[in-house]
Amino acid sequence: MTIYFYKAYEPYGCFSNFSPHGITIEGTYWTTVEHYYQAQKFVGTPDAVIIPVIHAVETPEQAAALGRCHTRQVRSDWNEVKTKVMQQAVLKKFLTHADIREILLATGDRLLVENSPTDYFWGCGADQSGQNQLGKILMSVREEIRKLPLLSVAYD
Ligand SMILES: Nc1c(N[C@@H]2O[C@H](COP(=O)(O)O)[C@@H](O)[C@H]2O)[nH]c(=O)[nH]c1=O
């Protein structure tokens, strides 16, 4: 049976990028995957000054609002790299936090779907026709983690 998730406070909310599970990437700690993902949009652009602001905001909603502001210039290769950026961040999240790693592994081979009513790329959209890229990433992270022999040690 398919598992649908979306808001961090709903069932399977730990699969949302807005869930309160921090990650360290290249020595920098980000309070959520969403903070990290939104900041990466501006790497190497004239608007890179927004990166530390996104890093510092309290909530993933604030990070998303800053990252989605259309007056700022997103890096030119964003469409090519965004899925890889997300994959790396989501993998790190589940390597870091053993409790949610167990929740992910316990889903077995069930289909995971980000049930976003508005997002047809990361989610399934309002009519299920979306690409569900976040669900696909979670399933590939699940597969990758299953192959790792010793996961009793938390990654920082
Ligand atoms: N979970 C969740 C959302 N979904 C997330 O939004 C991100 C896509 O952002 P963008 O590429 O800027 O459109 C991505 O992390 C996707 O999973 N959006 C929300 O407004 N609220 C939420 O609770």
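Select helix 1. Its buried residues pack against strand 2 (23-25), strand 3 (28-30), helix 2 (50-56), helix 3 and helix 4. Helices (H or I, at least four residues) and strands (E, at least two) are DSSP runs, numbered from the N terminus. A residue is buried if 20 or more other C-beta atoms lie within 10 Å of its own, exposed if 12 or fewer, and partly exposed in between, with C-beta atoms placed from the backbone. Two residues are in contact if those C-beta atoms lie within 7 Å.

The model is predicted: local features need pLDDT of at least 70, side-chain atom pairs count only at pLDDT 80 or more, and totals for chains, interfaces and linings use all residues. Residue numbers run from 1 along each chain as its sequence is written.

**Stop 1: inside helix 1.** Colour V33, E34, H35, Y36, Y37, Q38, A39 and Q40. These residues of helix 1 are buried. That is 8 of the 8 residues of helix 1, so the helix is largely enclosed by the rest of the structure.

Stop 2: Two packed helices are described by the angle between their axes and the distance between the axes. Ala, Val, Leu, Ile, Met, Phe, Trp, Tyr, Cys and Pro count as nonpolar, Asp, Glu, Lys and Arg as charged, and the others, Gly among them, as polar.

**Stop 3: helix 1 and helix 3.** The contact uses E34, H35 and Q38 of helix 1 with P60, A63, A64, L66 and G67 of helix 3. It divides into 4 nonpolar, 3 polar and 1 charged residues.

**Stop 4: the ligand.** Select the ligand. Of the 15 residues around it, S16, N17, F18, W122 and L134 come nearest. A residue is near a molecule if its C-beta atom, placed from the backbone, lies within 6 Å of it. Helix 1 (33-40) and helix 3 (60-67) each supply at least two residues of this shell. The shell has 6 nonpolar, 4 polar and 5 charged residues.

**Stop 5: two positive phi values.** Go to Y12, in the loop between strand 1 and strand 2. Phi of Y12 is near 60°, a positive value in a residue other than glycine. Y12 is buried, with 20 C-beta neighbours inside 10 Å. Next pick N132, in the loop between strand 4 (112-114) and helix 6 (133-147). N132 has a positive phi of about 55°, although it is not a glycine. N132 is buried, with 24 other C-beta atoms within 10 Å.

**Stop 6: T2.** Finish in the segment before strand 1 (3-5), where T2 lies. T2 is exposed, with 11 other C-beta atoms within 10 Å. Leaving aside neighbours within four places in sequence, T2 is in contact with R110, L111 and V113. T2 and R110 are 108 residues apart along the chain, yet their C-alpha atoms are separated by 5.7 Å.
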